[in-house]
Amino acid sequence: MSLILRHESVPLPAFDRHAILNHMAQYSERTRIDASFAALADPTRRGVLEQLMRADASVTDLAERFHMTLTGMRKHIGILEQAELVTTEKVGRVRTCRLGSRRLEEESAWIENYRQTWAARFDALDSVIEELKRKEKRDGRKQRE
Amino acid sequence: MVASRENEPGSANNRTTTERKSDREMVITRIFDAPPRLVFEAWTTPELFRQWWVPKSSGATLLSCEQDVRVGGGYRLEFAHPRAAAPLAFFGRYLEVVPNARHVWTNEESEDGAVTTVTFEEKDGKTLLVMRELYPSKEALDIAIEGMDEAMPETFEQLDQFLIARGAGAERS
């Protein structure tokens, strides 16, 4: 996740959860980007995401691992949830956190990008093959095998 | 441009398809309007390979390309990219080579590199190309996917600028 690590030194933007909620009605891409960056601007939250890349974890586990109170960790998780970077599920008394839907979107975006790279390559390969076919015709259909 | 022979069920004409077949595997298919020997020749002859491997839209330039296409032989590609300070090298060796039918190679620039298998299958004078990239683990393919910001520099550059502007304008609370 080099995107996250790259921004270590950028100042923390103010994050106002209520403002985000107010914007939810007209849920814009800008709001999403705001929420993501606000969520990623904090080193603890980046640490939580890295931890969740390895395995799902409960809020209690995460609070212990990052040496903070349950309330403090809940607040961070709330911000990550808002940015759709994390989803949580409560079973009994345990709230489990995992990486959110954004990751799936990233995966499908990656696959589409991968497809486009190969499509562009193969279109160029078509031209090379057309040239080979023309050359063979010129050379009197010589078989090279 | 493309001869319209679409009466074959399941033939997607010459479209490139990609699919994540499993946790560890990506599969790409494409049909070429030429027999396998020509597609194989274009893939395994460096002078021809360098004409198509690097799409213009990628912004990269192929600096060098060596291919010793035989079992145990190696290959090495070096690219320049405006966003990379030093040339990027990709290398590995061929595990299997069946001329005009199949070649398999390793990608050794990273420990999590895939093993790539490309098959060329003749169908009515055309070639069905199937390329499989098998990663050593689910994590390795996930890491490749997470590294997509490198593949989408423009998008992330825009985000960078947005973040810097925001950081400068925001009051620390």
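Modeller: Read along its sequence, chain A follows the pattern α-α-α-α-β-α-α-β-β-α, which corresponds to 7 helices and 3 strands. Please keep in mind throughout that this is a predicted model.

Biologist: What makes β1 and β2 of chain A edge strands?

Modeller: The open sheet of chain A has 3 strands in the order β1-β3-β2, with antiparallel pairing. The strands β1 (57-58) and β2 (86-91) of chain A each pair on one side only, and that is what the word "edge" refers to here.

Biologist: How do you know that β1(A) and β3(A) are paired?

Modeller: Two strands count as paired if at least two bridges are found between them, and β1(A) and β3(A), the latter covering residues 94-99, have 2 bridges in the antiparallel sense.

Biologist: Which helices lie across the strands of chain A, and at what angles do they run?

Modeller: Helix α4 (residues 43-54) of chain A lies across β1, β2 and β3 of chain A and runs at about 90° to β3(A). Helix α6 (residues 70-82) of chain A lies across β2 and β3 of chain A, running at about 120° to β2(A).

Biologist: How much of chain A counts as buried?

Modeller: Of its 145 residues, 21% count as buried, a label that requires 20 or more other C-beta atoms within 10 Å of a residue's own. As for contacts in chain A between residues at least 6 apart in sequence, 50% join residues at least 24 apart.

Biologist: Turning to chain B, why are β1 and β3 said to stand at the edges?

Modeller: In chain B, 8 strands form an open, antiparallel sheet in the order β1-β2-β8-β7-β6-β5-β4-β3. The strands β1 (17-20) and β3 (61-67) of chain B each have a single partner strand, so one side of each is left without a neighbour in the sheet. Neighbouring strands of this sheet are turned by 20° against each other on average, direction ignored. Helix α1 (residues 36-44) of chain B packs on the sheet, where α1 touches β2, β3, β7 (115-123) and β8 (126-134) of chain B, and its direction makes about 150° with that of β7(B).

Biologist: How do you know that β4(B) pairs with β5(B), and β5(B) with β6(B)?

Modeller: The requirement is again at least two bridges. Strands β4 (residues 74-80) and β5 (residues 88-98) of chain B are joined in the antiparallel sense over 6 bridges, with Leu77(B) and Phe90(B) as bridge partners. Between β5(B) and β6(B), which spans residues 102-106, there are 4 bridges, also antiparallel, and Val98(B) stands opposite Arg102(B). Both pairs therefore qualify. In the hairpin of β5(B) and β6(B), 3 residues lie between the strands, and Asn100(B) takes a positive phi near 65°.

Notes:
Residues are numbered from 1 along each chain as its sequence is written. Chains are lettered from A and ligands numbered from 1 in the order in which they are written. This is a predicted model: local features need pLDDT of at least 70, side-chain atom pairs count only at pLDDT 80 or more; totals for chains, interfaces and linings use all residues. Two residues are in contact if their C-beta atoms, placed from the backbone, lie within 7 Å. Axes are lines fitted to C-alpha atoms, for helices over the stretch in contact, and angles run from 0 to 180 degrees between N-to-C directions. A residue is buried if 20 or more other C-beta atoms lie within 10 Å of its own, exposed if 12 or fewer, and partly exposed in between; C-beta atoms are placed from the backbone.
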